[in-house]
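Please keep the sequence and the model in view while reading.

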Amino acid sequence: MIPIRTNTMKKLNIAYWIITALFSAFMIFSSTGGLTLQPDAVALMHGHMGYPLYFLRIISAAKVIGAVVILLPFVPDRVKEWAYFGFFTDLFAHMPGMAAIEGEGGDLGAVGGTFIETVRAVREMFGDNDLD
């Protein structure tokens with residue numbers, strides 16, 4: 001029989017909810033400019049990237065809905081999976097467009113470095129053996 005590591009599971013659960021709450025807050029905060037059509041958001045997405053204004057509002061509304069969905073524990077896992085996929089599509093589809101407009105590289109290095117450092121920090125926090 002495999003022993004249950006309650007302390008490790010508790011740490012993982014706490015880390016999951018902290019990261020999920022911070023990510024949801026980030027997505028909601030980043031969508032407010034698009035919902036209210038604030039000048040900075042319009043200048044970036046409409047003026048700089050060339051997206052139509054209605055698209056900016058649709059994407060912003062989807063971010064808020066997705067952020068709420070992943071925070072609610074009673075929402076089915078299949079719905080949460082689609083919310084996470086929507087966030088993935090939003091964040092990673094934006095990078096090639098920025099790289100094409102800003103020139104070679106764009107902000108890909110910063111995003112990749114942040115992802116690698118996040119994975120490294122989580123592995124250090126829980127240790128390699130605890131994730132197996």
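Does Phe23 count as buried, partly exposed or exposed? Phe23 has a relative accessibility of 25% and therefore counts as partly exposed; buried means under 20% relative accessible area, exposed over 50%, and partly exposed in between, with a 1.4 Å probe and protein chains only.

The model is predicted: local features need a pLDDT of at least 70, side-chain atom pairs count only at pLDDT 80 or more, and totals for chains, interfaces and linings use all residues. Residues are numbered from 1 along each chain as its sequence is written, and side-chain values use heavy atoms, with hydrogens and water left out.

**Overall organisation**

- The protein contains five helices and zero strands; helices (H or I, at least four residues) and strands (E, at least two) are DSSP runs, numbered from the N terminus.
- Read from the N terminus on, the elements follow the order α-α-α-α-α.
- The protein has 132 residues, of which 20% count as buried.
- Among contacts with a separation of 6 or more, 55% join residues 24 or more positions apart; a contact means heavy atoms within 4.5 Å.

**Confidence**

- The average pLDDT of the protein is 80, and 78% of the residues score at least 70; pLDDT is the predictor's confidence in each residue, from 0 to 100.
- Confidence is highest in α3, at a mean of 92, and lowest in helix α5 (residues 108-130), at a mean of 65.
- Where pLDDT is low, the predicted coordinates should not be read in detail.

- Helix α1 (residues 6-35) comprises 30 residues and reaches 42 Å from its first C-alpha to its last, close to the 44 Å expected at 1.5 Å a residue; the expected span is 1.5 Å times one less than the number of residues.
- The buried residues of α1 include Thr8, Ala15, Met27 and Gly34.
- The 19 residues of α3 should span 27 Å at 1.5 Å a residue, which agrees with the 28 Å between its end C-alpha atoms.
- Among the buried residues of α3 are Leu56, Ser60, Lys63 and Gly66.

**The loop after α1**

- Leu37 follows α1 and is placed in the loop between α1 and α2 (39-48).
- The phi of Leu37 is positive, near 50°, in a residue other than glycine.
- Most residues other than glycine have a negative phi.
- Leu37 counts as partly exposed because its relative accessibility is 26%.

**Nonpolar cores**

- The largest nonpolar core has seven residues: Met27, Ala67, Val69, Ile70, Val75, Ala83 and Phe87. Such a core is a set of buried Ala, Val, Leu, Ile, Met, Phe, Trp, Tyr and Cys residues joined through side-chain atoms within 4.5 Å.
- Two or more residues of this core come from each of α3 (53-71) and α4 (77-102), and α3 gives the largest share, three residues.
- A second, separate core of five residues includes Val42, Met49, Leu56 and Met98.

**Ser24 in helix α1**

- Ser24 lies in helix α1 and is buried, with a relative accessible area of 1%.
- The side chain of Ser24 reaches the backbone oxygen of Ala67 at 3.3 Å.
- Apart from neighbours within four places in sequence, Ser24 is in contact with Ala67, Ile70 and Leu71.

- The structure holds four aromatic pairs. Rings of Phe, Tyr and Trp (its six-membered ring) pair if their centres lie within 6.5 Å; planes under 30 degrees apart count as stacked, over 60 as edge-to-face and the rest as tilted.
- The ring centres of Phe23 and Phe87 are 5.1 Å apart and their planes are at 85°, so this pair is edge-to-face.
- This pair links distant parts of the chain, since Phe23 is in helix α1 and Phe87 is in helix α4, 64 residues apart.
- Phe87 is buried, with a relative accessible area of 3%. Setting aside residues up to four places away in sequence, Phe87 touches Phe23, Met27, Lys63, Gly66, Ala67 and Ile70.
- Trp82 and Phe85 both lie in helix α4, three residues apart, about one turn of the helix.
- Trp82 counts as exposed at 58% relative accessibility, whereas Phe85 counts as partly exposed at 47%.

Technical notes
A polar contact is a pair of N or O atoms within 3.5 Å; within protein, one must be able to donate a hydrogen and the other to accept it, and residues adjacent in sequence count only if both atoms are side-chain atoms.
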